[in-house]
Amino acid sequence: MITVETFNTHREASSALNDRTRFLAGGTLLMRDVNYAVPGIEHIVRSLEPLRTIRSEGDSVFIGAAATMLDVINARETAFLAPVSRAVGGPAIRNMATVGGNLFAPSPFGDFTTALLALDATIHFADGRQEEIETFLAQRDSGRRIVTAISVAPPLSGSFLFSKISRTKPKGPAILSIAVRLPSGGQEARIAFGAMGPTPLRAKAAEAALSRTRIDEQGIAPVIAVATEGLAPADDALASQWYRRQVAPVHLKRLLLGGQR
Amino acid sequence: MSSVEFRKDIFADERDDDFNEIGKPRIRQDILGHVTGRSRYYDDHLFDGLLHMRCVRSPHHHARIRSVDASAAERMPGVRRIVRPSDVPNNLNTLLSLIGFGRDDEPLIASGKVAYRGEPVLVIIAETEAQARAACNAVRVDWEVLPHVLDVEEAIKPGAPTVNETYPNNTFDYGRFDHQKLRFGDVRKAFREAAHVVEAEYQMSPIEQAPVETCGAIAAPETNDRYLCHTGTQALFFSLGTTAKLLDMPSSKLHFIGGTVGGGFGGKVDSLTEPMAVLGAMLTGRPVKFQWDREEEMQVGAPRGGERWRIRDAVTADGHIIGREFTGFFDSGAYTRLSSYAIQKGTGHLPGPYWIPNVASNIYCVFTNRTPATAMRGFGITGVDFAIECHMDRVAETVGIDPIELRILNSYRDGDMKPHRRLAKNCALVECCQVVAEKAKWPISQEARSASSLAGSSPERASIPDTAVDEEGKIGDRRNREIDPAPAPGTKTVPAGTRQPGEMKDAGPQRPDMMPDAAALGLKRDQASAQRQMPAAAPSARGAPQPVAPAQVRPAAPAAAPPAAAAQPQPSAPAAPPAREPGPAPSTGQPAEVPYQPDKPFQRGVRRPGVSPFLSGSRRR
């Protein structure tokens, strides 16, 4: 028997979390597990606190954790993330799936989070604390905290690249996804891979190489050479870890060169 | 409305053009309910106190079951019944046993060992689906993992693990051989005479039918010890017959309701969910639903089987294909299901729509530790057609001929002899190619443009040549030594004109009372005895069209005696099914196999001579 408890605020809801509890937002991941009776789900917690707003604050954009992929596509402030949102699921999924839920999506899902990782987003929790996204992802599956918002600094025009590689287009899950922030205007280079590990991961060796080179076929060769260093892809029904390692550098190269081979 | 263009100018004199249906747009009979959302699928039928059924499935491709411990599951909330293999009254079946083809090889619930990943070993019935799933997770199975084989050619090597104890050599039996042979002329001679030999291998992966509505059924006790079953099957009476056999009950005790199928395409003929649901209703006395989820549909839902084909063509310098050799492997998965029949269909289809004077083929139905394969649109034909047409292009390239002209050059003409010893008639590939070329603005020569399916046959093309036959690949031989799976050179020659080489006889009926009773069918003459008196082999007059030989009809086969024929007395040659091809393999002179005899006769449901105990009259057409 599964019980569902609804709270007025996220703060109250987070106090009800324990090992056998899951938090329900858009439900695109959780309801599948409920329908398939994945063991360990006994208690579902919801919150009525409205957290769908997307607004600019200073240099950053605040995205409420309950904002859906569709909200992100429709908001002017998040225009730079619209192509990423469009790559998530089909229209029905985008209508329900939330930004907060995507942070917890197991591989190979979580394309949106991959983009947030490359953009150095900050995660805000119900208890008022906040955390860098990389720190958050490293201990994502052990923590019991409710995310209320994400803040992210919009990249300079043309410096953010994203690509999702899937077998079924347009809505198949990712074989891998890549988000790149090119070094410009004081922002450091970031290269994040989705579906290349249990959570989206940064390719730090490649980032370091990218920050001291120019973007052309020859210039990026050292970046490509170390593209998969530090990544930990797994075998799944979509691709083997071997295949993912083989194709990740190729797709990174294509992304950096803007579709040129 | 219709975008189809009818070329009624072609063969205009062969056809009355007064069709009422063909060429006219028709509204699908069930479309109104579908588009208005009113069609009731099996899962739309609601029952009070409905119980839910889930399977504990094998995580291994091949494993012995040392023990199954369901004690924890039994105590879990909501669990109403654990169904074990011993609860299935007749826990071994093969789908085509309903027409007497093949041996029982597949349990409804596996005991002893599993042969594919996802095979059910225990079933749990609980109040809710979640409870049933939770209880399944609590079952502990002690597995002894066995070596498995997933490739068809690995599976027929000596020493490969035996997948299916009923067929210990990992191949279905065709007469005395572990493969289906087709021999026509002498391909070795053709290869010696050929200017080009074109050889290639083609491989098709299994394909899941992926219906929107996953397989399932709801069964409920009815009055008078009957059981009601709502099902999404595409083969309602086939499922009813299979259920009657597995549950060892008369078919009259079963009341199946269906016909509204949420996507089938062949994937819903395997009759796995119906017996399970009815068994659940029998054991609990309550309505029971057994429905696969999406993962089960993908993992254990039987796909179109994988196929591998090797084709070798002997081609003259001017593009005539004078010999074609096939080596084909059908991956049946762990059990037979319908694959044995796909091989027969495939063999009957060779060598494609082309007149080739020398044809040899060996086709294997191979058991591997993969999900059993089953029907999917045109199974047995689609894969080999893909291979043949790819190969035609390859031949065209090798010889340097336009691919459409190569097809026109080699197409069957009316009156040509086919390798399974029937004359080609109503041929139209030449005209199809011409129209395609015209539509695609593809230039073809004047000669190809003026060709016709009506002209071009000859007494030579209409005759059965001297045929080389061999004895390679007898059942079990491959266990002892490696044997090339390709057709072996002939060791004997069957003289030209022999329609049925050797004393190939039809298998008799399984039981004497399965012989159709002419009187009961309303026939004036005992048709069965009339058929048996027909000569087994009659050399053909060259070039003369052959009548359809009723000698091929097996009196026990369900195809015999259609109701239409039964309704009107036919004194002379009754009830020869016109579409039935002969067994395509002329093997050599050996007495026929001992007819298939089940250990236990089927339970009679309807006690009328000649009437299948499982099925109503609708199958008997």
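Among contacts in chain A between residues at least 6 apart in sequence, 57% join residues at least 24 apart, two residues being in contact if their C-beta atoms, placed from the backbone, lie within 7 Å. The model is a predicted one, in which local features need pLDDT of at least 70 and side-chain atom pairs count only at pLDDT 80 or more, while totals for chains, interfaces and linings use all residues. Residues are numbered from 1 along each chain as its sequence is written, and chains are lettered from A and ligands numbered from 1 in the order in which they are written.

The secondary structure of chain A comprises 11 helices and 12 strands, where helices (H or I, at least four residues) and strands (E, at least two) are DSSP runs numbered from the N terminus. Its C-alpha trace spans about 60 × 45 × 30 Å along the principal axes. The radius of gyration of chain A is 18 Å, which agrees with the value near 18 Å for a compact globule of 261 residues; this radius is taken over C-alpha atoms, and the globule rule is 2.2 Å times the number of residues to the power 0.38. Of the 261 residues of chain A, 42% count as buried, a residue being buried if 20 or more other C-beta atoms lie within 10 Å of its own, exposed if 12 or fewer, and partly exposed in between.

The domain assignment divides chain A into domain 1 (3-47), domain 2 (54-152) and domain 3 (160-256), with bounds that come from an automatic or database assignment. The C-alpha centres of domain 2 and domain 3 of chain A lie 19 Å apart, and the contact between these domains takes 21 residues from domain 2 and 24 residues from domain 3. On the side of domain 2 of chain A that touches domain 3, helix H4 (82-86), helix H7 (111-118) and helix H8 (133-138) each supply at least two residues, and H7(A) gives the most, with 6 residues. By class, this side of domain 2 has 11 nonpolar, 6 polar and 4 charged residues, with Ala, Val, Leu, Ile, Met, Phe, Trp, Tyr, Cys and Pro counted as nonpolar, Asp, Glu, Lys and Arg as charged, and the others, Gly among them, as polar.

Pro108(A), found in the loop between helix H6 (99-103) and H7 of chain A, is buried, with 23 other C-beta atoms within 10 Å. Leaving aside neighbours within four places in sequence, Pro108(A) is in contact with Pro173(A), Ala174(A), Ala195(A), Asp236(A) and Leu238(A). Ser56(A), in strand E4 (residues 54-57) of chain A, counts as partly exposed because 13 C-beta neighbours lie inside 10 Å, and its contacts, with neighbours within four places in sequence again left aside, are Val61(A) and Glu77(A).

The largest nonpolar core has 121 residues, and those with the most contacts inside it are Ile124(B), Ala219(B) and Ala277(B); such a core is a set of buried Ala, Val, Leu, Ile, Met, Phe, Trp, Tyr and Cys residues joined through C-beta atoms within 7 Å. Apart from it lies another core, of 69 residues, which includes Val45(A), Ile54(A), Leu116(A) and Leu182(A).
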